[in-house]
Amino acid sequence: MKTSHISTILVVVIIAFVGLLYFYNYRLTQSIKFNAYPVTDEFINSNDSLKDKDTIKILIIDGGGIRGLIPLYVIQFIEQQTGKPIDELFDVFSGVSTGAIIATGLNVTQIPNQEGIPEKIDSRTKTEKVIDIYKNESRYLFSSPWYHKLMSGNGFFSPRFSGERLRNTIEKHYTDEINFTDLKNYIIIPSFNIHTGQLHLFKNRGETVNKLPTDTLYQLVTAAASAETLYPPVDFITTGRDIRHRYYADAAIYANNPTSIILRDIIKEFPGKNYYVLILGSGTSPLATMETNYRNLKSWGKINWLQDLISGVQRSMDDQQLYTLEIASSLSPKGRISYNYLNVEIIDPYVDPFDYKSIDKLKILADRLISENQVEIDQVINNLKQNG
């Protein structure tokens, strides 16, 4: 066969493959769509109970994929030490991405049984049930068929994982019968509004509830957990040309740790109180520079430095929140704003946020967090008992 013929065939094959890539990633990519049903006034619950409290206790959980098991194990430890379920220890719950799943899961009042029928759940077993969900569903959520890995470039051209799997998993455990306004405590879930480029807060109490695109819990949680590059954003289908508050995704790229945003919102809504904030991190990834000697580091270019980009941003987000809390605490009357921050370095063992095969190692990291922060955890326990 002549060289020209081989070249022609090669060009045709390349063009065909590029065309297939384009068709697969831009025409066959799964989407997540829900019909938007704004919440009517009859489903709005007031927040008057918080107005009578001297201290408002806020629990905030960072994003981090399967690493959400780390704060869950810490929560389980706190429950054991206080003798109370977490939904009785805090007044306000918030979290980003995996933190949103945890914050809502700890406040459901009913879950589906084996027949899919919602039944009342004992508060003392909620944390254990959420832990079981992570252990049982992570493989399904964070794995893809070989052909999708190939055609998407392992998430380079289109979402790395299946949006349908995310939707189905959250619906399976929340059902379409549980409403966001049904949750036990005040829940504030950040989600990223694609069109405005701003954070939007899903709230299950107060007048702003009627700004929700829907009251169906699993749909809002899906929107809050649809991490960019991993899952497609959620489209809440509206009538006409109204696209306001329509497209939502995971808020981690905006505020993986939303502490200052949530605290500001609570202070504005309930001024003149004492505020206690517990922030639970889902582990901090090490930087590549930590294990690289200067001899090699001095030659790094864009490709090498890029590997530290996400980890560096996450560290910066956490630090900025702590700086904000320190400033607020120092400027306010003594005891008005207090907080504890608990996190751990994901080193030895290292667990990727989506590495379901290493999920059992997260218990080791959670135990390390508890042992390395024993003094601060004792402060948390005492604070919760006193304010309880």
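Me: Which charged end sits over the ring of tyrosine 73?
Reply: That of lysine 363, lying 5.5 Å from the ring centre; the criterion is NZ of Lys or CZ of Arg within 6 Å of the ring centre and within 35 degrees of the ring normal. This is a predicted model, in which local features need pLDDT of at least 70 and side-chain atom pairs count only at pLDDT 80 or more, while totals for chains, interfaces and linings use all residues. Residues are numbered from 1 along each chain as its sequence is written, and side-chain values use heavy atoms, with hydrogens and water left out.
Me: How many aromatic pairs are there?
Reply: The search of the whole structure gives 13, where rings of Phe, Tyr and Trp (its six-membered ring) pair if their centres lie within 6.5 Å, with planes under 30 degrees apart called stacked, over 60 edge-to-face and the rest tilted. Phenylalanine 202 and tyrosine 248 are edge-to-face, because their ring centres are 5.2 Å apart and their planes at 65°.
Me: Buried or exposed, phenylalanine 202 and tyrosine 248?
Reply: Both phenylalanine 202 and tyrosine 248 are buried, on a scale where buried means under 20% relative accessible area, exposed over 50% and partly exposed in between (1.4 Å probe, protein chains only). Phe202 and Tyr248 also belong to one aromatic cluster with Phe34, Tyr218 and Phe236.
Me: And what about tryptophan 300 and tryptophan 305?
Reply: Their ring centres are 5.1 Å apart and their planes at 80°, so this pair is edge-to-face. Tryptophan 300 counts as buried at 15% relative accessibility, whereas tryptophan 305, at 43%, is partly exposed.
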